[in-house]
Structure formats: C-alpha cells, structure tokens
Amino acid sequence: MAVELFLDLFSQPCRAVYIFAKKNNIPFEFRRISLMDGEHFGEEFGKINLMRKVPALRDGDFYLAESIAIMIYLAEKFETPDFWYPTDIRQRARVNEYLSWQHQGIRTHSSKVFWLRVMIPMVMGVEVPKEKMDAALEDLNSSLKLIEEKFLDDRPFIAGDQVSLADIVAIVEIMQPVGSGLDVFQGRLKLSAWRDRVQAAIGKELFDEAHQAILGAQENVKLLDPTVLQASKSKILRYFM
Amino acid sequence: MAAGRPVQVYLDLLSQPCRAVYILLTCTKIPHKVHAVALRKGEHRTPEFTNMNLMQKVPVLVDSGFILTESDAILKYLATQYDVPEHWYPRQPQQRARVDEYTAWHHTNTRAHAAKVFILEVALNNALSNLKNTLDKLETMFLRRQPFLCGDDITVADLLAICELMQPLGAGRDILKDHPQLQRWRSRVQSAVGKSFDEAHAVLYLNIIHPPTLKNQLGSNPVGNL
C-alpha cells in the first residue's frame, strides 16, 4: 500500500509536504482533509492523528505528524536527491537550524496575519483592532528581515548553493500572507530574487498548483459556512487577539 | 569522528534550551568548552555576541569556525557528529521520525507554554512585591489611627481603594490575607455600604476559585454556588 498523506493545501505545512512529495515523484495517496469544513474533527481522522492536525502520514502501520518530520522521513525512505536534506552533517545542521527557528520565527506571524486579515473579519465577522493588526504586521516584517539578513545573507538558498527543505518550508509560510492580499515581496529585492529561484527549483507549475487554494482564499472564504468556526470562535479570538 | 578542538558552546543555564545542550554534552562526555553568557546582564546584546549570532540568542555552538544556533539543530548535530550512544538520536528512520516529530511539536507547545508560565511567575512576583509596598503604606500612613482612609467616615477614596484591592480575588488571590489591619478596614467599608458591596462584586465572586475559609472571611453570602 502506498504512503497516505492527509493534507489541506490551505495549510502551509501541508503545502510544503505536497510540493516536496510531488517534486520528487514520491508515490502517495492524497487524502484531502478540509479544515474549513471541520473534517479534522471527524472520527476517522482522529485515528490517524490524535492531535487532529494536518499534515499527517500513514505508511502501513506507521503514523507520523509534523510536516518537518514527515518530509525528512520521506526524503530518507524514497532516497531523494541529497541537496533536499544533505547528508553532510554541517549542511544538514544549517537546514535544521532554519527548520527549528521557523516555528516561532515566521510561522506564528504568517499564520496570524492571514487570520487577522481574512478569517477573523471575513468569516467570523469580527473586526480586528488596528493595534493588533499593526503589531502582527510588525512581527512579520521583522521575521522577513531576519530571513533576508541571516538565513539568506549572500547565499542563493538558505543552506547554500542549492535548494533544500528549508526553502520549501520558508516559501509556503511567506505565501500565506500573500493569500490574504498582502504582497510581502514588494520592496524586498533579495526575498523576491530568492522566491524566483525557489519557484524555478520547484517548478512554477507545481508551485502554482500548490498555492491555488490559498491565493484564492479571499474569494473562497466568502463561500464558507461561518457556523463551522462558531464553536471555536472564542478560542480563536483569544489565541490571535 | 570527533574533531581535535573541543566544541565551544555559549550558554546561560537559566535558559531551558541551553540546559538541554549542556546536559547532552556533559553526560555523553563530548569534549567542549562552555562560555557563560549572562542574559540578565545583557551579554547577548554585545557587539561581539551579535557578530556571532545576529538573533542575540543562546545557545550557540561554534565548532572549528562552524557557527550553529537553535537547540534542536545543535542537539542533532552533536548526536551525529560525535560518538554518542545511538538512542539519543536513533538512526532507524521511523524511530528518528518520532524524535523529529516531537522536536517540531515542542516549539509551539511545551516550550511556548512552560516558558510563558515562568515569565509570568517572575512578573507576578515583582507585581506582588510592589503591591506589598502599597499595602504597607495604606496601613501605616492612611489607616494610621483612623478607621477609614481619609478620616473617621467613609469617603469615595475608600470605595476606589476597596474595589481595586478586591480585584485579585477574581483570579483566586486574596491580597489582604496577611494584612489584618486592612481586613478590618475592609469589614468597616462593607458594613458602611451594606448589601451594595456584594451586589457590586457578584460578577467577581462568580469567577472566584478559592478555599472555603475565604468565604468566612468575607462574612457575607456571595451570589452563586460557591
């Protein structure tokens, strides 16, 4: 039986796994879990991942959560080209360094900006106070600055001369606020040039396919049933605001 | 596989991820040298340190010119670069995946919440210390030889004060617990205003999680099933 990947391409880490798997022609069964429809709360998915998060992997009787763990596992199992997750210990450490930093370093901020700009006002009908929005944007800007100055510096890719998991994980996060209508690449020459390189390395067609859902988010969310999020409304507001 | 020169690490043992790195280094006996960085003294903000790590954070590892930040990257680097027992970071893919899964999840779960509790506890201790100064002043200056803050009779000053001092009760803390003089003043205020006191504080009482004795101290019968 092929590996099963439980994904919702609205989610950044799901896009990273999807891009990595497709780029490397890794055979997998795509199991779509619609977060907006609350499918991650379903009984079946609870058996796949107790924490009810995507992405999730099932390989026979081996279950795995966390996009980074999943991609590393796939890289090893399907023997993907070395540059994705180098066997050289120091180069690998460089990739691990970014993969570690990014959880709180950018993921938190890019998710927050998306929620504050799209989900909370448009789906939940709650107005976001200006100072909350400004603070979130400031955090995002600081993160992007750090990515340019430290993680890219004068290198073409995060780990050096070649693309790696770090670049995939980075680009999908940065695309999240873009999906909310915020062009974060504008005015950032270094970041834009890196984006172009990553797109070329991944393949523009695959990149666009993976990002179709999120880039259409502002339109798609209008079709959402707001009652699905009602149950978690106070939790969501407390978390993001 | 160990390099000739011991690995250099920049740590402050007050920092959780630093301690994890320190423990791995010492219990696996990897040759290393610890450079103490006192965060409290701002040593992570010096030009020299910033030069090494733009993010001004610890831990940092320097291995013959190779600079690495992020504790999980450092731990995995040490476990693979040096000859340590395999269980620390297993080579078998599924076992390793389990470790990678946890170290990813850790950031926004264990680390986020435990760290926050520590920071808030420190802040709380500071706040309690400042409050104690205020309570002492209330007792020794305002309530010195008089029943109410500003004289023999209750004034609006007492109302403002009592409502503030009642507030922490909403989170389960009676800040007048060790201040009998202030407790007696509180009782005088309650008597002077009658049932309006409990009416005003009904909402606050509903939020209380407190031991049974406090209900007696309050001397009244707050609204709700306490």
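Helices here are DSSP runs of H or I at least four residues long, and strands are runs of E of at least two. With that in hand, welcome to a predicted model in which chain A and chain B bury about 2,400 Å² between them.

**The annotated span in chain B**
- An unreviewed UniProt entry places the annotation "domain: GST C-terminal" on residues 92-206 of chain B.
- That span is 75% helix and 0% strand, and its end C-alpha atoms sit 54 Å apart.

**How the two chains meet**
- Chain A brings 26 residues to the contact, and chain B brings 30 residues.
- Of the area buried between the chains, 62% is on carbon and sulfur atoms.
- Three residues, Ile89(A), Arg90(A) and Ser100(A), supply 24% of the area that chain A buries against chain B, more than any other three residues.

**Polar and charged links**
- There is 1 salt bridge between chain A and chain B.
- Arg90(A) pairs with Asp63(B) in a salt bridge, with the closest N and O atoms 3.9 Å apart.

**The side of chain A that touches chain B**
- Strand 4 (62-65), helix 3 (67-77), helix 4 (89-123) and helix 5 (130-152) of chain A each supply at least two residues to this side.
- Helix 4 of chain A gives the largest share, 11 residues.
- By class, this side of chain A holds 14 nonpolar, 8 charged and 4 polar residues.

Key
Residues numbered from 1 in each chain as written. Chains lettered and ligands numbered in written order. Predicted model: local features only at pLDDT ≥ 70, side-chain atom pairs only at ≥ 80, totals over all residues. Heavy atoms only, no water. UniProt positions renumbered as here; feature names shortened; annotations may be inferred. Contact = heavy atoms within 4.5 Å. Buried area = accessible area lost by both parts, 1.4 Å probe. Salt bridge = Lys/Arg side-chain N within 4 Å of Asp/Glu carboxyl O. Nonpolar A, V, L, I, M, F, W, Y, C, P; charged D, E, K, R; others polar.
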